[in-house]
Amino acid sequence: MPKLLGKIISLEAQHRTVYRHIQALSNAVPLHECLLQEGAMAQESPKNSAAEIPVTSNGQLEDSHEHSFNRDLKRSLPVGLGLSETKITSHGFDSTKEGVIEAGPFPGGRAQQKSGPVVLADEVKNPAMEKLELVRKWSLNTYKCTRQIISEKLGRGSRTVDLELEAQIDILRDNKKKYENILRLAQTLSTQLFQMVHTQRQLGDAFADLSLKSLELHEEFGYNADTQKLLAKNGETLLGAINFFIASVNTLVNKTIEDTLLTVKQYESARIEYDAYRTDLEELNLGPRDANTLPKIEQSQQLFQVHKEKYDKMRNDVSIKLKFLEENKVKVLHNQLVLFHNAIAAYFAGNQKQLEQTLKQFHIKLKTPGADAPSWLEEQ
């Protein structure tokens with residue numbers, strides 16, 4: 001009987017040790033404090049420990065105590081340790097292992113829920129991958145277009161040509177060069193006329209000054225002063241007409257025609273892309289047809305159709321713009337050429353009234369010197 005009580009006391013001490021270790025893990029109690037508590041418990045009276053352990057009439061440990069100990073231990077375990085289904089079993093007295101913790105399903109416990117991998121319904125797009133794909137497509141398109149251009153220059157590749165449209169584009173480019181030459185010459189004339197008008201004005205002022213100081217030549221200096229001032233005034237009127245002509249032609253050449261030529265460049269780029277993908281499709285159709293080449297042929301056919309539609313659209317846009325440009329060019333140049341002729345003829349004929357009438361006909365207002373700057377009364 002004393003050996004039996006000793007075994008029971010030793011088993012109970014081991015149960016308490018395991019219990020306190022688990023409490024130290026759950027409550028974050030330092031290990032050295034837990035060991036100090038075990039030493040203090042070991043010094044307690046064996047009788048008190050033996051009196052707390054219920055024993056049956058056969059001298060065996062009561063099962064209800066083991067179950068209550070396991071239940072209290074299960075409640076004290078935190079969920080985060082993963083020991084929610086751990087139970088404590090005590091082996092018989094003849095076993096060499098006493099108070100061993102076994103991992104297993106706890107009686108009466110709930111079944112563990114198994115969770116599978118989380119699957120996203122919509123795949124998140126990566127911006128870097130999208131940019132990489134765009135760069136890949138751009139590189140492939142650039143390579144094909146460059147190969148097509150080189151083949152055309154070497155005379156090896158075929159080129160789609162719209163004879164009527166190409167002729168209109170060539171005429172437009174040639175006319176643009178000629179209009180630019182006229183614009184440059186008109187600007188030179190305007191600069192020289194401005195210098196001449198400035199010189200005539202200074203000469204008129206000099207004649208007027210001498211007319212006041214030379215009594216013998218008062219009338220002669222006065223006539224020349226009036227003539228030079230009149231020429232300077234008519235020259236300013238002609239200069240206004242020439243500058244209006246220059247501004248209108250400059251708008252036609254550097255804005256209207258340039259915008260049409262920009263559309264022509266887009267049309268030519270679309271034509272090169274169309275020919276490049278057409279050549280690829282023709283090469284694939286000439287090759288063998290099997291399981292590997294059929295998807296490539298189908299994809300090439302789709303790309304060819306896309307670029308064909310783009311080419312047709314740009315060709316229609318160029319045709320429409322060329323038609324509107326021709327109408328606008330005729331209207332603008334007709335008015336400007338009439339203005340330029342009438343102004344030049346009236347100026348050199350000395351017809352001041354006709355020169356002023358020409359400016360009124362085209363609604364041209366001359367800027368008087370200092371007209372742009374407000375007077376000191378307007379500033380107040």
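1. Arg278 and Asp275 both belong to helix 7, where they stand 3 residues apart, about one turn of the helix; helices here are DSSP runs of H or I with at least four residues, strands are runs of E with at least two, and both are numbered from the N terminus. The side chains of Arg278 and Asp275 join in a salt bridge with an N to O distance of 3.3 Å, a salt bridge being a side-chain nitrogen of Lys or Arg within 4 Å of a carboxyl oxygen of Asp or Glu. Salt bridges with shared partners link Arg278 and Asp275 with Glu152, Arg159, Arg271 and Glu282 in one network. Both Arg278 and Asp275 are buried, where buried stands for under 20% relative accessible area, exposed for over 50%, and partly exposed for what lies in between, computed with a 1.4 Å probe on protein chains only.

2. A word on the basis of these remarks: the model is predicted, so that local features need pLDDT of at least 70 and side-chain atom pairs count only at pLDDT 80 or more, while totals for chains, interfaces and linings use all residues. Residues are numbered from 1 along each chain as its sequence is written, and side-chain values use heavy atoms, with hydrogens and water left out.

3. On the overall architecture, the protein chain has 10 helices and 2 strands, and from the N terminus on its elements follow the order α-α-α-α-β-β-α-α-α-α-α-α. Of the 380 residues in the protein chain, 27% are buried. Among contacts with a separation of 6 or more, 72% are between residues 24 or more positions apart, contact being defined as heavy atoms within 4.5 Å.

4. The structure holds 20 salt bridges, and one of them deserves attention for the parts that it links. Asp280 forms a salt bridge with Lys144, with 3.3 Å between the closest N and O atoms; because Asp280 lies in helix 7 (residues 218-286) and Lys144 in helix 5, this pair ties together parts that are 136 residues apart in sequence. Both Asp280 and Lys144 are buried, Lys144 having a relative accessibility of 14%. Apart from its neighbours within four places in sequence, Lys144 is in contact with Ala276, Tyr277 and Asp280.

5. Helix 5 (residues 127-154) also contains Arg136 and Glu133, which are 3 residues apart and therefore separated by about one helical turn. Their side chains meet in a salt bridge at 2.7 Å, N to O. Arg136 is partly exposed, with a relative accessible area of 46%, and Glu133 is likewise counted as partly exposed, at 33% relative accessibility.

6. Towards the end of this note comes the packing of two helices: the axes of helix 8 (residues 293-349) and helix 9 (residues 352-361) come within 8 Å and cross at roughly 160°. Axes are lines fitted to C-alpha atoms, for helices over the stretch in contact, and angles run from 0 to 180 degrees between N-to-C directions. Helix 8 is therefore roughly antiparallel to helix 9, given that angles under 35 degrees count as roughly parallel, over 145 as roughly antiparallel, 65 to 115 as roughly perpendicular and the rest as oblique.

7. In the contact between these helices, Leu339, Asn342, Ala343, Ala346 and Tyr347 of helix 8 meet Gln354, Leu355, Thr358 and Gln361 of helix 9. By class, the contact of helix 8 with helix 9 comprises 5 nonpolar, 4 polar and no charged residues.

Methods
Nonpolar A, V, L, I, M, F, W, Y, C, P; charged D, E, K, R; others polar.
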